[in-house]
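Me: I would like to go through the domains and chain contacts of this model. Could you start with the terms?
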Amino acid sequence: MLSVTDLQKTYPSGDEALKGVSLDVTGSETVAMIGPSGAGKSTFIRCVNRLTEPTGGSVELDGLEITGLSGKELRNARRDMGMIFQEYNLIERLTVMENVLSGRLGYVSTWDAFRRKFAGDDIERAYEVLERVGLGGHENNRADELSGGQRQRVGIARAILQRPKILLVDEPTSSLDPESSRAVMDLLTEIAAEDDIPVLINIHEVDLAEEYAGRIVGLRDGQKVFEGGPDDLDETARGQIYRGEEIPEGAGPTGKVAEAGTPGESSQEEGQIRRG
Amino acid sequence: MATEQPEQRTWRRPTAFYNHYVKWAVYVVITVFLLWSAWNMRISVARVIEGWGAAIGLIQGMVPPEFTPFKMDLLIEGLIESLAMSVIATIVGVLLSIPVAFMSAENIAPRPVYWVGRGIITVSRSFHELIIAIIAVKAVGIGALAGVIALSYKTVGFFAKLLAEEIEDIDSGQMEATEATGANRVQTMLFGVVPQVMPRIIGLTIYRWDINIRHSTIVGIVGAGGIGATLLNSFDQYDYDFFLTIIIAIIAIVMVGELISTYIRGRIQ
Amino acid sequence: MTDYQTWERRTPRQRIGRYILMLIVLVAAAISWQLLQINYSYLGTAPEEFMDLITRMYPPNVGYTGEIVSPMIETIHIAILGTALAVLMSIPVALIGAENTTPNRFTFVLGKFIISASRSVNVIIWALVFVIIFGSGALAGTLAIAVRSIGFCSKLIAEAIEEIDPGQVEAIQATGANSVEAAIYGIAPQVKPALIGVSTYRWDINVRASTIIGFVGAGGIGVELNTSINFFAWQQVLTILLAILVIVVFSEVVSAYLRRKVR
């Protein structure tokens, strides 16, 4: 579904946030991106829907090249990417319903948007989604009257209402307490599974990543240093991601040297690519 | 076989007004009033076209601005008078405001005194300085005295209101503690109230001085001293290039005043 | 003998600083006073003159009230229409005058220029100019009020726009909305309290300004006020002043109500 090739982002100040990261997200899997602060995780996710403009590389969603799109085409493509933010980014002074319906803004005309006139189907679905995230009855509350966990659920509802092809989730639990974090992660993965949507989630709580993701990607200093399942994420791997420990010569994507009988050459190449 | 579709739910944005009918009623009333106001203006295409011609003529008359020595002397004389007026008016106004502010603070003043103080403030704030200026001119004659009176009067209303609010916002604990030591009324004010409001007094004084500079440039229009009289004379005598010169000078002074005021207020925070 | 410890409220340096400041103020006051060349005899008689005036004003001429109803209504028209026009026009000016919403450097400078120019010229000067252009009457007055108010409102609204949370706007953009929709959903709700506050603040000022632009022929009660004063009809003057007081207080009540309505 999502195919990112050699994504680079260098800021005008010279800061290289992403030094060529490639990643594929297919089917309806949940991919978690972990790494220390400043590794480039947020930058990567924001480059996918071009809230941040990449300076190199390409992003393809369902075969459509995102990086070259302009204006209206980009807006149409963004409709298919539902984003959930760390700080929720709800419109505080508007009602919960307006926040959820704003997920459909890519489909209504400006005048209808101004008059808050959305399609009947969308409104009905909005009610359903609100009930699904456990906020039924709250549609007329102002967003700033809700707790953190509730706000994040509205954010999820907004993204879902877009009927997206992929969910891009940027540190959804950083501003939440542990209990709300679990509730939000449960909800996210359940909905994604029900609607058969792949999820790319940027998260720094490693235990949550291990529990909820099918695949984990480790980023350090703008480069991918780990890719594998939760079981592959052992102490060596964590050391490489978080403490910058040496990645041995000939190591595969999981950071370990291939054992006899396993395809070593391709791993060696990958290792060289990652270190080079 | 026809499938039954369940009733779709709808949603309407809640309104700040009592209900949606009230909301529409208010919108209609406002629109009607605005249209009535506009109709009263007697705007017509002919008027706008004529106006365009007059505007061009005016601009041609104003440009280029005049800088002859004689006129410059007049200009500087007027500006200095305006500046002097603003200084005196601010000082006098602030000094007078302090007692009025204490009179108008709910937490300090007894009820009848409070009402008198608030009354003074309301009357001061309700009338534009030009009204006070024009009456002052009739009372004490043309010249800077009338202007100083008018500006001081407005300063009292502005300053006393803000200072009274500041006094009402103070931490009463500090005041009570001072009273508890056996201090009399004045001492309580000095130790319990004044220290809390002093920074604000200075900041507000600078702010008001900046405003008074602006106003001092126009009270002369009704004869109350300052560059305003020169301004009006030049306009009435069709001396439009000098008019533009004066305007530019006023703008320059106002901008400089604003810069100084912002700088000083930034420093004392 | 032990030396007693002393305590001073301010360090010597602070004290010198305060004395210098006070000195500057006193010197400025003295110079200004000299420059004004106020005739001390006039100063002495001033309180008497004022008392004389006030006694002449009382009681107000009640019969005159009928004659000022129409001009007072015109004054209100000018204030409302002028403020409404100004608020409408200050929204686009504020958008280009705010660093985070202006399309390019040129529009930003243009916005700042419009704001400065409008703010630097007093409303009565605008009235003078518009009377020449459009003839005397309420049209000149309304335009003068509107033009002066644009600068005031746009400056404060632009400041509010610059303080918004950009994350909210980004979230709307991420759904595929266009920039107008992003402004409607992302910027407008955040700026609305400031907008209402600024508008009612300026409305209060404009009500007062509308009462005096008649002095230069731009409509409103100022015309009658000027005439009454010049004819020394002091009881009529008091009537007008009382009417103005009523209008101003009423308008403040309305604007306080509006500000409460919008959290």
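Reply: Domain bounds here come from an automatic or database domain assignment. This is a predicted model, in which local features need pLDDT of at least 70 and side-chain atom pairs count only at pLDDT 80 or more, while totals for chains, interfaces and linings use all residues. Residues are numbered from 1 along each chain as its sequence is written, and chains are lettered from A and ligands numbered from 1 in the order in which they are written.

Me: Which domains does chain A have?
Reply: Chain A is assigned domain 1 (1-80 + 166-179 + 196-245) and domain 2 (87-163). Taken over C-alpha atoms, the centres of domain 1 and domain 2 of chain A are separated by 26 Å.

Me: How many residues are in contact between domain 1 and domain 2 of chain A?
Reply: In chain A, 8 residues of domain 1 are in contact with 8 residues of domain 2, where contact requires C-beta atoms, placed from the backbone, within 7 Å. Helix 2 (residues 71-79) of chain A gives the most to the domain 1 side, with 4 residues. Helices (H or I, at least four residues) are DSSP runs, numbered from the N terminus.

Me: On to the chains. How many residues does the contact take from chain A and from chain C?
Reply: The contact takes 21 residues from chain A and 19 residues from chain C. Helix 2 of chain A gives the most to the chain A side, with 4 residues.

Me: And what about chain B with chain C?
Reply: That contact takes 44 residues from chain B and 44 residues from chain C. The chain B side has 32 nonpolar, 7 polar and 5 charged residues. Ala, Val, Leu, Ile, Met, Phe, Trp, Tyr, Cys and Pro count as nonpolar, Asp, Glu, Lys and Arg as charged, and the others, Gly among them, as polar.

Notes
Contact = placed C-beta atoms within 7 Å. Helix = DSSP H or I, 4+ residues; strand = E, 2+ residues; numbered from the N terminus.
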